[in-house]
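Subject: Structure handover and notes

Hello,

Here is the structure we talked about passing on. My notes follow below it.

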Amino acid sequence: MKTTTVTAVTNQKGGVGKTATTINLAGALAEAGHHVLVVDLDPQGHLTDGLGLDQAPTGDGAASLYRALIGEYTGPVADLIAPHSQPSGRLDVVPNSIEMFMAVRELDKQRAREHRLARLLSVFRDVYDHVLIDAPPSLDILTDNALTAADGVVIPVQAEDSSLKALRLLLPQIASVDADLRETPLRLHGLVVSLLRRPTNRLADSVLAELAKLDGLPILGSVPLGVVVTEAWRYGRTVVDYAPDSEHAAVYRAMAKALEEAR
Ligand SMILES: Nc1ncnc2c1ncn2[C@@H]1O[C@H](COP(=O)(O)OP(=O)(O)OP(=O)(O)O)[C@@H](O)[C@H]1O
Ligand SMILES: [Mg+2]
């Protein structure tokens, strides 16, 4: 029997590489032979787009993550899944639907509102090796659901002062979810320094030095700014598939290995 590891890729700061990290870590894990599910929890639906998939259907009772979260879709949870075309055949996706924009308001009316995603994903425990959740850029009920459903977190950041500030907000939020909503604390797998402009300047170097000093929060990897990431995204492919020999693919493979070894 498989033991599923659920990882939330989260940071309330926008545009720090959460979706690119989720897509490409998932691609690398699938390439390495693991059965992987990615969940698009962001109303923006970027992960769904970046993997070249259609949005989920909308309307009363539609088989979508949104309708399932608010209890209006009660059919098989497996019907929420779309397979991705990565050659390994081991990458599945729960796509976004445009209606997810209403989730914050509608979840407020639900019982056990922070646990809705955990309950849905419990169906996949022991089906997948890894479940990765692409969280929205907010500290709201959707992010609480991601942090409640996950075993651990990966936090994309940029080498900028604003990312240090974002961590000062995010880490207490994780601690409060640990205290109020979870039986066991979330594992902090570490940071992914994303969109790293090279050569780094003095400002970036000083932020990187600060990030490296954070206790209990290792840097899992640094992903340079590179056109292969945006090209792969445009074609709905993962970097390891689109540009298997690129340095970016190597970085994602190394991070996937670290995540797998942490299980
Ligand atoms: N290493 C990279 N090189 C070049 N472009 C990148 C890289 N990583 C991410 N991008 C691009 O930068 C933009 C922001 O990245 P991404 O969407 O992954 O961030 P995000 O944190 O998910 O954003 P949001 O907060 O809006 O959900 C995207 O257009 C993405 O394609
Ligand atoms: Mg995103």
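Leucine 164 is found in helix H7, which covers residues 161–181. Please keep in mind throughout that this is a predicted model. Leucine 164 counts as buried, because its relative accessibility is 14% and the cut-off for buried is under 20%. Leaving out residues up to four places away in sequence, leucine 164 touches Val207, Glu210 and Leu211. Glycine 236 is 72 residues from leucine 164 in sequence, and the two C-alpha atoms are 31 Å apart in space.

The ligand

Where does ligand 1 sit? Ligand 1 sits in the largest pocket. The elements that give two or more residues to the shell around ligand 1 are H1, strand S8 (219–224) and helix H9 (227–234). There are 18 residues around ligand 1, and those that come nearest are Gly15, Lys18, Thr19, Ala20 and Gly226.

- Valine 16: a polar backbone atom is 2.9 Å from an oxygen atom of ligand 1.
- Aspartate 42: an N or O atom in the side chain is 3.3 Å from an oxygen atom of ligand 1.
- Proline 224: a backbone N or O atom is 2.9 Å from a nitrogen atom of ligand 1.

Ligand 1 taken alone exposes 630 Å², and 83% of that is buried by the protein.

Buried residues

Histidine 34 is placed in the loop between helix H1 (18–31) and strand S2 (36–40). Is histidine 34 buried or exposed? With a relative accessible area of 15%, histidine 34 is buried. Neighbours within four places in sequence aside, the contacts of histidine 34 are Leu29, Arg90, Asp129, His130 and Glu260.

Leucine 51 is also in a loop, here between helix H2 (46–50) and H3. Leucine 51 has a relative accessible area of 3% and is therefore buried. Beyond the neighbours within four places in sequence, leucine 51 is in contact with Ile23, Val38, His84, Leu91, Val93, Gly236 and Thr238.

Alanine 68 lies in helix H3, residues 65–69. The relative accessibility of alanine 68 is 7%, so alanine 68 counts as buried. Not counting residues up to four places away in sequence, alanine 68 touches Tyr73, Leu80, Arg116 and Leu120. Alanine 68 and leucine 196 are 128 residues apart along the chain, and 37 Å separates their C-alpha atoms.

An exposed residue

Proline 83 lies in strand S3, which is made of residues 82–83. Why does proline 83 count as exposed? Proline 83 has a relative accessibility of 59%, and the class of exposed residues begins over 50%. With neighbours within four places in sequence left aside, proline 83 is in contact with Leu53, Leu91 and Asp92. The C-alpha atom of proline 83 is 16 Å from that of tryptophan 233, and the two residues are 150 apart along the chain.

Backbone points to check by eye

Which residues does a cis peptide bond join? The bond is between arginine 198 and proline 199, with omega at about -5 degrees. Proline 199 lies in the loop between strand S7 (187–196) and helix H8 (202–212).

Leucine 195 lies in strand S7. Phi of leucine 195 is near 50 degrees, which is a positive value in a residue other than glycine. At 38% relative accessibility, leucine 195 counts as partly exposed.

Alanine 112 also has a positive phi, near 45 degrees, and is a residue other than glycine. Alanine 112 lies in the loop between helix H4 (103–107) and helix H5 (116–121). Relative accessibility is 31% for alanine 112, so alanine 112 counts as partly exposed.

Regards

Key:
Residues numbered from 1 in each chain as written. Chains lettered and ligands numbered in written order. Predicted model: local features only at pLDDT ≥ 70, side-chain atom pairs only at ≥ 80, totals over all residues. Heavy atoms only, no water. Helix = DSSP H or I, 4+ residues; strand = E, 2+ residues; numbered from the N terminus. Buried < 20%, exposed > 50% of the residue type's maximum accessible area, 1.4 Å probe, protein only. Contact = heavy atoms within 4.5 Å. Near = heavy atom within 4 Å. Polar contact = N/O pair within 3.5 Å; in protein donor to acceptor, adjacent residues only side chain to side chain. Areas by Shrake-Rupley, 256 points an atom, 1.4 Å probe, with all protein chains shown as cover. 1 Å grid on protein atoms, 1.4 Å probe; cavity = no way out; pocket = protein on both sides within 12 Å on 5 of 7 lines; lining within 4 Å. Sits in = over half its atoms within 2 Å of the grid points.
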